[in-house]
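Please keep the sequence and the structure in view.

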Amino acid sequence: MQNEITARQPLLDENGNPANPGWCRRNLYEYNIEKRSPSIMRLKEWDFYQVCNGEIMVQINLFNISLATCATFGFVDLKKGRKFDTMSVELFTPDKNRLNRNGDCENYISYSRGATSITFDVTDECHHLKFEGKCKGKKLYAEFFCSRLPHHESITIATPFDKPGHFFYTNKINCLATDGCVIFGDEKFEFTSNNTYTVLDWGRGIWPYQNMWYWANGSTLIDGKRFGFELTWGFGNTDAATETALFYDGICHKISDVHLEKDPEIGSKWMGDWHFISSDGRLDLIMKPFYDHYSNLMPLNLFGMKTHQVHGIWNGFVILDDGTKLEIKDMYAFCEKVYNKW
């Protein structure tokens with residue numbers, strides 16, 4: 001039985017552990033990070049937005065992992081393989097640049113360093129994203145308007161680790177229909193809400209040094225209504241709740257744990273079929289990959305992140321809370337497997 005949080009309450013107890021691990025449809029936890037147990041140098045916070053129309057993906061991220069604050073921008077043409085990215089770094093920021101305490105309500109974040117500036121202006125109706133900077137000697141500008149539905153549920157999870165004082169607190173907001181553009185030098189790339197969706201990965205936590213996760217996410221239209229899914233697993237104690245849900249017409253439908261039939265890393269079959277199954281039988285999907293967005297930012301295997309973010313076409317079915325079965329046909333989405341040492 002998964003523990004649904006239905007009333008506002010503190011995230012952490014007096015010992016810095018999640019007081020009541022569980023999940024909620026809107027973020028009802030109060031981020032009382034002052035109750036943390038380990039040093040602030042272990043605290044990691046990020047607001048990560050991924051925008052994609054199935055052909056071009058843009059990632060805009062502002063994060064403070066205490067060792068550094070970074071504002072990043074990445075552009076990937078999933079069909080042609082073209083990439084460009086830029087990053088601004090400010091070192092040793094445990095006591096500055098702290099991010100908002102709840103990404104699921106109105107908030108405003110602005111960060112500027114050198115030629116780079118980033119702004120996230122969030123209301124109940126829209127997430128307005130702006131990034132300005134330079135990349136490869138060219139001016140770079142991006143702006144997106146990511147619209148929410150009038151009643152737009154998401155999923156928030158408070159997950160403890162076995163190590164005392166360590167936890168992950170995250171909110172995933174799917175199905176943000178998006179209009180916007182990227183201007184890179186004299187090139188302009190436009191995105192329209194008829195085929196472009198954004199996901200917000202809002203994360204706060206104190207993590208163990210070494211960990212791994214799977215994250216699969218996607219949004220589309222089914223029968224004229226916004227549909228999406230959020231599947232994350234591989235770390236922490238999920239006895240109270242799993243980070244797995246379906247979204248349809250603004251409503252969150254909670255499902256049980258999800259796993260892969262075969263690990264794609266075995267035999268290096270990253271580009272083979274990925275078969276996702278939920279233990280309650282409410283999700284059965286196969287992803288046929290067409291692009292592996294691979295990066296290895298773990299020098300000497302000591303610190304950093306190694307990622308296979310695999311993009312593909314998904315088919316299968318999901319079942320909503322009321323028993324309605326939705327057929328998933330040729331839906332674009334992604335799944336990544338990430339190793340961290342940080």
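Predicted model: local features only at pLDDT ≥ 70, side-chain atom pairs only at ≥ 80, totals over all residues.

Residues are numbered from 1 along each chain as its sequence is written, and side-chain values use heavy atoms, with hydrogens and water left out.

**The sheet**

An open sheet is formed by nine strands, in the order E19-E18-E17-E16-E24-E23-E22-E21-E20. Pairing is antiparallel. The edges are strand E19 (251–254) and strand E20 (258–260); each has a single partner strand, so one side of each lacks a neighbour in the sheet. From one strand to the next, the twist averages 25 degrees. Strands are DSSP runs (E, at least two residues), numbered from the N terminus. Two of them pair if DSSP finds at least two bridges between them. Axes are lines fitted to C-alpha atoms, and angles run from 0 to 180 degrees between N-to-C directions.

Strand E18 (residues 243–248) pairs with E19 over four bridges, in the antiparallel sense. Phe247 has Cys252 in E19 as its bridge partner.

**Asp47**

Asp47 lies in strand E4 (residues 43–52). Its relative accessibility is 2%, so Asp47 counts as buried (under 20% relative accessible area, 1.4 Å probe, protein chains only). Its side chain makes these polar contacts (N or O atom pairs within 3.5 Å, one able to donate a hydrogen and the other to accept it):

| Side-chain pair | Polar contact |
|---|---|
| Asp47 and Asn100 | 3.2 Å |
| Asp47 and Arg204 | 2.8 Å |

Not counting residues up to four places away in sequence, Asp47 touches residues including Ile60, Leu62, Phe120 and Trp202. Contact means heavy atoms within 4.5 Å.

How values were computed: Buried < 20%, exposed > 50% of the residue type's maximum accessible area, 1.4 Å probe, protein only.
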